[in-house]
Amino acid sequence: MYTLKRHTLTFGLCTLISGVSPTLWAFDPNQPIQDEWKFTLKNALINRDYQNPEVKDFGSWSQGASLFYTSNLRDTPLHILDQPIRIGADASVQYAVRLSADKHVSDTVLPFDRQTQSQASDYLKYGATLKLAYDKTLLSVGELWLDLPVTTSDASRQLITSYWGTNLKSQLSDQLYAEIGRVEKVSPRNEEDFRRFSFTSNGQTEYSDGLNYLDLRYQFTPSLKGEYYFGNLEDLYNKHYVGLEHIWKQPSFSLNSKLKYFNAKNDGNHFKIDAQNLGLLEMLKVNNQSFGMGYQQIIGESAYPLPDGFLPELYFINWNTTGFFKKDEKSYHVMYGYDFKDYVPGLNALVKYVYGHDFKTANGEKNHETESNVILNYAFQQPSLKGFALQYLRIDYDVKHGNDFSENRFFVSYTKRF
């Protein structure tokens, strides 16, 4: 089974803020996989301060402890054309406890009871997956860790989003990879249990019995790959995604180009959803430096839809804390990153600035917004501190008509595999 980047703290938020889509490609169940236990500790301090005194600031300090088990695929007595059917099982347990006082406001990190207006003092998530493999095809049933349009395993706060359902992955040829699945429920990052998908617009909430999806990836050349995705969130909306990615490598630099197109339309009569997202990203890497420029435009009759539950769309060219996916919005972003490996091994930094415009407020006023991010990551290199990592994220958001805020996130993590 190919490795998901679902539990990476050090670069997880860089992925979230920079809009770099997760790199999940071909897998080969025939490759030997050893049983692995992964233990993680994450201390998360997150605070958002609004400039408007009438809006409550929010945040929390929490400590998480998680254990993930990935099993080897073992041969069974059943064979098809001399190939054995193999079996395996994965499992996860995630737990977090609040260390700070209850601010009585939802912080998107801890569960929040709207009736009592209180944050949970702790919460627990768990799941298990049954795996069956034949040749280069893998069937998974149970808890799923997905990094696809609509369904992202979000590790940007404390505990990690997961899904419940069934999917089938197959390496059909050296170039073509296919995945089909049905996701029945989601366990968001700030909730304990698995629940049905839902979507809310203008105060109206409707539910879906599941997401049916198809994902195809094709390696046209060693430097060019493409992806097509279709998802049907039953009774809510359908989504199409087409993406191309090209990497041009030279001795002194590399240029990564991404072109992405999304199309979402309502499935049913509950909402008026008709939105497209077109984006282009250019990333230039020269030695230890990275330079990025991107453009994203929302086209259609509505804002781009996202399911309830703080499920980010990391496939977007431009995904930020505030999204930049409002109706008619055009956004531009620039990025600069530096890897200090020649001076301080394990330290890297990223700064990003985004400007969005051409969208309107609910009462029709023209609006624009900006967001700036500073991200610092450090992974300890000393043998005695192996597995420890630090991350700091600073977010500053300004909007012409709305609520400006500043946010700080600080993470201390420890990871041990055995």
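Predicted model: local features only at pLDDT ≥ 70, side-chain atom pairs only at ≥ 80, totals over all residues.
Local features need pLDDT of at least 70 and side-chain atom pairs count only at pLDDT 80 or more, whereas totals for chains, interfaces and linings use all residues. Residues are numbered from 1 along each chain as its sequence is written, and side-chain values use heavy atoms, without hydrogens and water.

Me: Which residues have the most contacts inside the largest nonpolar core?
Reply: A nonpolar core is a set of buried Ala, Val, Leu, Ile, Met, Phe, Trp, Tyr and Cys residues joined through side-chain atoms within 4.5 Å, where buried means under 20% relative accessible area with a 1.4 Å probe and protein chains only. The largest such core has 30 residues. Those with the most contacts inside it are Tyr163, Val183, Phe197 and Tyr304.

Me: Which elements give two or more residues to this core?
Reply: Elements here are DSSP runs numbered from the N terminus, strands being E runs of at least two residues and helices H or I runs of at least four. The contributors of two or more residues are β10 (176–187), β11 (197–201), β13 (211–221), β14 (224–233), β15 (237–249) and β16 (254–266).

Me: How many bridges pair β15 with β16?
Reply: Strands pair if DSSP finds at least two bridges between them. β15 and β16 form a hairpin with four residues between them, and tyrosine 237 has asparagine 266 of β16 as its bridge partner. Their pairing is antiparallel, and the number of bridges is 13.

Me: Which residue in the hairpin of β14 and β15 takes a positive phi?
Reply: β14 and β15 run antiparallel, joined by 10 bridges. Three residues lie between these strands, and the one with a phi near 70 degrees is aspartate 235.

Notes
Buried < 20%, exposed > 50% of the residue type's maximum accessible area, 1.4 Å probe, protein only.
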